[in-house]
Amino acid sequence: MGYTPEMLDLIKKVEASRPERLERSKKGLDFEPLTLSGREEVLNKFHPDYKADGRRDVKVGPSKGENYPDRFADVLESKARLLVSGAELDKLTEYETDVLVIGGGGAGTAAALMAQEQGCKVILATKLRHGDANTVMAEGGIQGATQEVDSPYYHYLDVIGGGHFTNTPELVAALTNDAPLVIEWLERLGLMFDKDPDGRLRVRHGGGTCRKRMHSSGDMTGSAIMRVLRDESRNRSADINVLEFSSAVEILKDSQGRAAGALFYNMETEEYFVIKAKSTVMATGGYGRLHIQGFATTNHYGATADGLVMGYRAGVPLAFMHSTQYHPTGVAFPEQNIGLLITEKVRGLGANLLNIDAEQFVFEREPRDVESACIIRECMERGNGIVTATGRVGVWLDSPMIEVLEGPGAVKRELPAKHIQFMRYGIDISKVPMLVYPTLHYQNGGLTIADDSATNVPGLFAAGETTGGVHGENRLMGNSLLDITVFGRRAGTNAATYAKSYDGEVGDVNMDHVDAYHKEMAEAGVDTDRVAPLVLPNYTREEIMEKQLTTNYQGGLRA
Amino acid sequence: MSEAKREIRVATGDQAILPEGTQLVPIYIMGKQYQVPETMTIQKAVEFAGYQFIRSCGCRGGICGACPTIYRVAGDYHLHFCLACQTVVQKDMYLTQMPFFPANRAAYEIEEVDASAETIMKLYPEVMKCVACNTCTKSCPMDIEVMEYVNAAMRGDIAKAARLSFDCIQCGLCSSRCPAQIQHFHLAQLCRRVHAKYQVPQAEHLKPRVAAINDGRFVDMLKDLVGDSEETLRELYVARESEPQKSEGWQPEDKQFL
């Protein structure tokens, strides 16, 4: 285990060039950052979003005519798992509540907590366990202008510049304005932020920030946030009912066209059931497990775009779904960890990116898309990547530099989870560099929302990665944990307000919008057996599927 | 075209890329033998065998706690504990996964508890039954000193308990093994929260910022930015003063937007 002899030979070059690079780093001499036009040039040539193949115009729905990656267009141009009458839905109704939250990650849990604080009864339903979400995988931190030399004004500029000035401005204003409020909320709930002895929050730079505003909790910031939010929701279990292994498969509407709950599938008993609600929050996360463009992904098992499909069929247009974030530093070795994320904090702490000749080729704190494009260029065009025995390619991320810049023991202290993860394979990242390559990380786009987290469908709110616009075409590090908490809170609060003003109880519900969607597909000539939401990815080998002679697959699920 | 470029195979999602000459080895999933590639993690090997996970699979990256796994290797009496997504298979391993383990969590009001031994005793009195067997520590897939933090909590050293348990992913293996029936991971979560809230000094510099936001100090500034043209925003973006990496004592020249 550990690196092969060939790779260890190449690492000697990294060690040889390290003293000189450390000298430069201590003097504050960084690799020259790209200009705005330089950034655009490398993006146009090397970023996967800019490739014309593997995409098509979607033929149906509120964003008809938009150009999306094929794998995503496929789930939009799919049939419902189930289409039944209002009378059938009535028979299937098992729960009624004020606010229904679909999704058990950070956004959904934040929404549930805020809705409960407004006096609402909440059901939070999630298809895996509460907390099985990309939230727990976010390592690097959460942004917020908490320091005196910073303000939401500069945070706004960083976000919109990082997003190539495409972001929805009102959402950026909400994000940056609320950020310090969210940090304070998390502190109050008992989150172990990294702090100085006097209580001052420690902050760092991230790619594309002009002020240090990255707050962290070790290198498990997302996990720490999820643990605290989940723990708090369990303290409030009298009002927040959590249903696990319950996958939402369709939004339901009332006779006035308002979102009025959802149809669910019990992952274990294979039963369907209905939850009626006065308002609904969609917080189902992203689509990494669709493996857009064939990329490996950092995402959790359930990231299959379910909320996008449901919201889209219910009539919510999509924003920025042409844009996908590839994290610059995914694991390229060992194969067992392929695609997993290595936090940007490693570069924030001063580790260089190096090619096969141990040379720097990029400024380490470019925005993520630019950084990714530069790594792809170094490997694919210039042929300066390191190729592994399993045919992967990557560049070095020189983590041992951190031991010198921040003092001995810094790697283990600052990156405990990453240190353990590599030690399992005999690689001590405080002594040897990591091999990295861009990995499919984040869905920049999603359901269109306003700054109060409301969609255009009355009673339907959305928050987190399932929405689009906050980050425009590119998200900066530390703004996803911020997005889920800011908009999760806003969605919860506003869904509660909506529920409280709902006249009477929820009446009959229907799936008319799904029926209409099917008809639109037929009219557009989309003839398919595909079923969505996928619910889970299907990793069954073809050799096995060929012999599963009586098994059907509905979306990604066996049935 | 370079040599390197021709050799690169495109990764297709999570489907395994098997190096030439990969050997298959027998593993026993809940007692039943399957032949799987020797280089795979247990998680991917179980999928290779033909299973589709509903339970026992979450982040696939060693941080969510969904895939705790228990195994023995034929001919060796030792029990091993691991995460399926992080552990490579071994020839003749007999494994089972533990997607859930019952552990009661004590509800509390975070605003009304304190960081004391009394809080611990009241909510989790069973910690006093610890027999110091260290089985919890031996079963932890995150290499946490579980018994040490339990003992620290027992003594009222909440800070130490919080620090030592920080990497906990709440998989439940510790509690599944404990002869004293302690519910370690819930106890640890309690310690971390009360430590952060009541023992660590709060961020005083954050309070005036929160007050300023609640007073609407940034509303007009942000409104102006929302209304600005892309051209103006580009100018403002390029003109931002950048805080240096070594920033002690640094002050921006322009302070009107702070």
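Author: Two strands count as paired if DSSP finds at least two bridges between them. Strands (E, at least two residues) and helices (H or I, at least four) are DSSP runs, numbered from the N terminus. The model is predicted, so local features need pLDDT of at least 70 and side-chain atom pairs count only at pLDDT 80 or more, while totals for chains, interfaces and linings use all residues. Residues are numbered from 1 along each chain as its sequence is written, with chains lettered from A and ligands numbered from 1 in the order in which they are written.

The sheet in chain B is open and has five strands, in the order β2-β1-β5-β3-β4, with mixed pairing. Its edges are β2 (32-37) and β4 (80-83) of chain B; each has a single partner strand, so one side of each lacks a neighbour in the sheet. From one strand to the next the twist averages 35°. Helix α2 (residues 42-49) of chain B packs on this sheet and touches β1 (24-29), β2, β3 and β5 of chain B. The direction of α2 makes about 110° with that of β2(B). Such angles run from 0 to 180 degrees between N-to-C directions, with axes fitted to C-alpha atoms, for helices over the stretch in contact.

Strands of a sheet pair through backbone hydrogen bonds, either parallel or antiparallel. Strand β3 (residues 68-73) of chain B runs antiparallel to β5 (residues 93-97) of chain B, and five bridges join them. Within that pair, B:Arg72 has B:Tyr94 in β5(B) as its bridge partner. β3(B) is also joined to β4(B), by four bridges and again antiparallel. Here B:Tyr71 of chain B stands opposite B:His80 in β4(B). The hairpin of β3(B) and β4(B) has six residues between the strands, and B:Gly75 takes a positive phi near 90° in this hairpin.

Chain B also meets chain A: 82 residues of chain A are in contact (C-beta atoms, placed from the backbone, within 7 Å) with 81 residues of chain B. On the side of chain A that touches chain B, at least two residues each come from α6 (152-162), α7 (169-189), α8 (221-235) and α14 (416-423) of chain A. The largest share, 11 residues, is supplied by α7(A). By type, that side of chain A divides into 38 nonpolar, 23 polar and 21 charged residues. Nonpolar here means Ala, Val, Leu, Ile, Met, Phe, Trp, Tyr, Cys and Pro, charged means Asp, Glu, Lys and Arg, and the others, Gly among them, are polar.

Chain A itself has 17 helices and 22 strands. Its radius of gyration (over C-alpha atoms) is 23 Å, close to the 24 Å that the globule rule gives for 559 residues, so chain A is as compact as a globular protein of that length. That rule is 2.2 Å times the number of residues to the power 0.38. Along its principal axes, the C-alpha trace of chain A spans about 75 × 60 × 40 Å. Of the 559 residues in chain A, 63% are buried. Buried means 20 or more other C-beta atoms within 10 Å of the residue's own, exposed 12 or fewer, and partly exposed in between, with C-beta atoms placed from the backbone.

Methods
Contact = placed C-beta atoms within 7 Å.
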